[in-house]
Each structure stands twice: as structure tokens, then as C-alpha cells.
Amino acid sequence: MLKPWEIDRRTGTSYKKKTGTTNRDTQSAALSRFKDQVGLEAPGIPTDAAGMTNWLQSIDNTYAKQKAAANNAQTTPPSSGGDATQDALAALLSQPAAPAPEPAPYVDPYADARAEAQRAAEARRQFLQQWASGARMTMNQASDNAAAMLAAQVNPYEQIQMIAPSIAPSVYETYLQQAGVSPEQVQALISVSAAEQAANDQAYQNMLDVLAGSTNVARDSRISDVELARALGGLDVDNRLMASMLGVDEGEAAALAKFAELTRQDQLAADDRAYNRGQDSRQERLDRVNSIVSAIGDQLDPTTILEMYAQAGV
Amino acid sequence: MAGNYADLGLAYSQRVRSAGSQRDASLASNAYGRFLSQQRGRRQQTDLTRTSNNQLGKLAASYGVRGLRNSGVRQRGVSDFATGVQQQSQDIADRVRQEQQQSVLDDASVSAAYEQLVADAELQKMRDIYATALSLQDYMPFLGS
């Protein structure tokens with residue numbers, strides 16, 4: 001049976017048959033390939049020619065021992081010292097089953113931006129509330145001033161005093177008596193004059209009442225206008241505030257949705273990177289096992305090979 | 001609407017000043033009219049008194065010349081004359097009084113018009129303040145926070 005280093009891996013034929021070289025020469029060529037495939041950092045593998053000769057000899061010994069043990073249907077536990085190959089295999093087998101790479105805790109790179117968007121939206125809401133409150137206060141103050149001014153207005157028609165007659169009846173009475181007019185006639189004349197005065201004064205007062213009432217109605221109407229304007233103005237402020245608040249809510253929701261999408265994309269990318277790292281690690285371990293199996297697999301029992309592959313995560 | 005928020009006080013004061021000037025001019029004109037009316041009434045009363053006294057003396061003398069000094073005819077004639085004079089004097093006094101009342105009414109109308117103009121100016125100022133507050137609220141979306 002040919003050893004691994006006696007086989008040309010490209011053609012699958014024996015070096016011995018093609019070249020006629022000695023067993024030791026083919027072993028050297030195989031050693032070179034093994035070094036290339038496994039790497040010098042592999043535990044227990046010497047780096048110089050003399051050491052490598054000894055190491056290969058120890059593999060031969062191990063192979064013979066395992067062969068004998070297989071023939072005797074007995075399992076020989078790997079030795080812990082003295083044999084480099086046994087040590088390498090023991091080290092490899094002693095390694096715990098390769099755990100799945102633990103994913104690093106995910107850190108959202110947009111968390112700060114999201115918090116800032118929420119803070120800005122909240123600050124804007126407070127700003128809008130304060131502004132609306134200020135507008136309401138201003139409008140209320142203006143309304144109060146106007147209502148107070150209107151209520152304090154004096155109605156000029158209510159201030160008019162009736163003018164007293166410029167000539168007292170006694171003057172006429174004296175004059176007429178001196179002229180010899182009878183007392184009855186004097187009284188009749190005075191009565192007629194007084195009646196005319198009274199009728200005139202009543203008409204004048206009626207007119208004043210109408211004008212005063214009209215003025216009071218106008219004043220009351222203006223006061224009503226003030227209260228109506230106050231109510232409508234407050235409603236207008238509320239409507240504008242609500243519209244502004246809706247705008248802020250929509251802007252905040254849009255920003256959060258945008259950041260959520262960015263976070264989702266970032267999480268997917270992180271998952272891909274973790275998956276690729278796991279794949280690379282497993283492939284690397286598998287490559288190492290394949291190298292060992294291709295190099296010395298025929299010296300190992302199948303159980304050991306299966307354990308190696310299992311540890312490699314296959 | 002939004003452009004005049006800066007001159008709220010100026011616009012209000014301008015309206016009130018203009019109304020005040022018109023009111024003061026009208027009140028002064030009315031006062032002068034009252035003075036003229038009173039002056040005219042006094043003069044008419046003075047003239048009536050002077051002429052009536054002269055005419056009353058002549059009337060009494062004419063009855064004496066005709067031997068009717070103490071007759072009933074003379075008494076009736078003098079009584080009618082005196083009554084006529086009294087009615088003229090009363091008419092003059094009533095006219096002066098009515099002119100005074102009309103003048104006072106004009107003063108009240110002028111003051112009422114002024115008060116209404118001031119009230120309208122106050123309401124306009126209030127509405128301007130409203131518009132300013134609301135227009136500033138319109139700017140909020142552009143101010144950021």
C-alpha cells in the first residue's frame with residue numbers, strides 16, 4: 001500500500017512507478033507538499049530535514065501500531081508523549097468541538113440620530129405650544145383692552161341737559177299786567193307758551209332717546225364683535241397649532257422610518273458579515289483536516305478521521 | 001394684513017388724531033354758532049323792547065288825543081299791542097332756545113361720531129394684532145427648532 005507521500009496527487013499514480021526513486025525520496029517530496037498544504041505552524045511538525053525524517057519515521061511507527069491494533073481488533077489510545085504525530089492528533093482531537101462563532105452584540109449606529117430626531121421633534125412641539133400660547137395671550141390682551149375701552153365709552157346723548165327757558169314767564173306776566181292785560185288773559189297766554197315749551201321739550205327728549213339707544217346698540221354690537229373675534233381667533237390659533245403639530249409628527253415619523261430602514265439594512269449587513277466569518281472559520285478548519293487526511297489519512301483509523309471532521313464542523 | 005404689524009400703534013394713533021381734529025373743529029364751530037345765536041337773540045329782544053316801548057307810548061297818547069284815555073277801546077288796543085309784543089318776544093326766546101338745543105345736539109352727535117371712530121379704530125387695532133399674531137404663527141414652519 002502506497003503512503004500518501006508516495007502518491008502524485010495530480011495524477012493519482014505512484015512516484016515510485018514514474019520516477020523509480022527510493023521510498024525515502026518520495027517521502028521527501030511528499031513532505032514538501034505536506035508542508036505546503038498543512039503549514040509549518042501545525043503543532044508537532046518539524047521544520048528541518050533531520051527532524052522531518054524523524055517525524056516521518058514516527059508516523060510510520062504510528063501507522064504500524066495502529067495497523068497492529070486494528071488487526072487485533074483493539075483500540076489503542078493515543079500516546080501523550082514522545083510521538084510528534086500522536087501529539088498533533090491528540091492536540092487536534094483534544095480541542096473542543098468548534099462552537100458556532102458567537103455573534104457580537106449588535107450596536108445600532110443610528111440610535112443617536114434617532115434619539116436626536118425625537119428630541120428635536122419634542123423641542124419643536126414645545127416651541128409651537130409656547131408660540132400658540134403667546135399668540136392667545138396677545139389676542140386676549142388686545143380683546144380685553146378693546147372690550148374695556150368700549151365699556152367705558154360715554155354716550156354723549158345721555159349727557160345732554162334740557163336748556164331752561166331764556167325768558168321766565170314772570171317777566172311776561174309783569175309786562176302784561178303793567179300794560180293793563182287782564183289776569184285771566186295773562187294766565188292763558190302763559191299756559192299756551194308753557195304747553196308749546198313742553199311739547200318741544202318732549203320731542204327733543206324723544207329724539208335724544210332714539211339717538212342714545214342707537215349709540216348704545218352700536219357699542220354693545222362692538223363688544224359682541226370683540227368676544228366673537230376672541231373666540232374665532234382662539235380657534236384659528238388652535239387650528240394652526242394642530243396643523244403645525246401634524247407636520248412635526250409626520251416629519252418625526254418619516255425620520256424614524258428612515259432610520260429604522262437604515263438600521264435594518266445595517267443589521268442585515270452585520271448578519272452577513274457574521275455568517276461569512278463563520279463560514280471562513282469552518283472552511284479553514286476543514287482545510288486543515290483535509291490536509292492532514294490527505295497527507296496521513298491512510299495511517300489513521302476511520303473513527304479518528306470522522307472525529308476530526310466532526311470537530312471541523314462537517 | 002401681515003405687512004402692517006409694525007405700525008399698529010401709528011395707524012391707531014393716526015385714526016384717533018384725525019377723528020379728534022374733526023371733532024374739535026366741529027365743536028368749535030358749534031360753540032361759535034351758539035354765541036352768534038345768543039347774541040342775535042339778545043339784540044332782537046333789545047330792539048323789540050325799545051320799539052315796543054316807543055310804540056306803546058305813542059299808542060296811549062293817540063287814544064288821549066281822541067278823548068279815549070280811559071275808555072274800553074284804549075284798554076283793548078293797548079292789551080292787544082302788549083300781547084303781540086309778548087308773543088314776538090316769546091318767539092325770539094323760543095328760537096334762541098331751539099338753536100341752543102340744536103347746537104347741543106350737534107355737539108353730542110360730533111362726540112358720538114368721534115367715540116365711534118375711536119371704537120372702530122380700537123377694534124381695527126385689535127384685529128391687526130390678531131392678524132399679526134396669526135401671521136407670525138404662519139412663519140413657524142420656516143423658523144425651525
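Q: Which residues of H5(A) are buried?
A: They are A:Arg124, A:Leu128, A:Trp131, A:Ala132, A:Ala135, A:Met139, A:Ala142, A:Ser143, A:Ala146 and A:Leu150. Buried here means 20 or more other C-beta atoms within 10 Å of a residue's own, exposed means 12 or fewer, and partly exposed is in between, with C-beta atoms placed from the backbone. This is a predicted model, where local features need pLDDT of at least 70, side-chain atom pairs count only at pLDDT 80 or more, and totals for chains, interfaces and linings use all residues. Residues are numbered from 1 along each chain as its sequence is written, with chains lettered from A and ligands numbered from 1 in the order in which they are written.

Q: Why is A:Gln118 called partly exposed?
A: A:Gln118, in helix H5 of chain A, is partly exposed because 14 other C-beta atoms lie within 10 Å.

Q: How many residues does the contact take from chain B and from chain A?
A: The contact takes 33 residues from chain B and 45 from chain A, where two residues are in contact if their C-beta atoms, placed from the backbone, lie within 7 Å. On the side of chain B that touches chain A, the largest share, 30 residues, comes from H2(B).

Conventions. Helix = DSSP H or I, 4+ residues; strand = E, 2+ residues; numbered from the N terminus.
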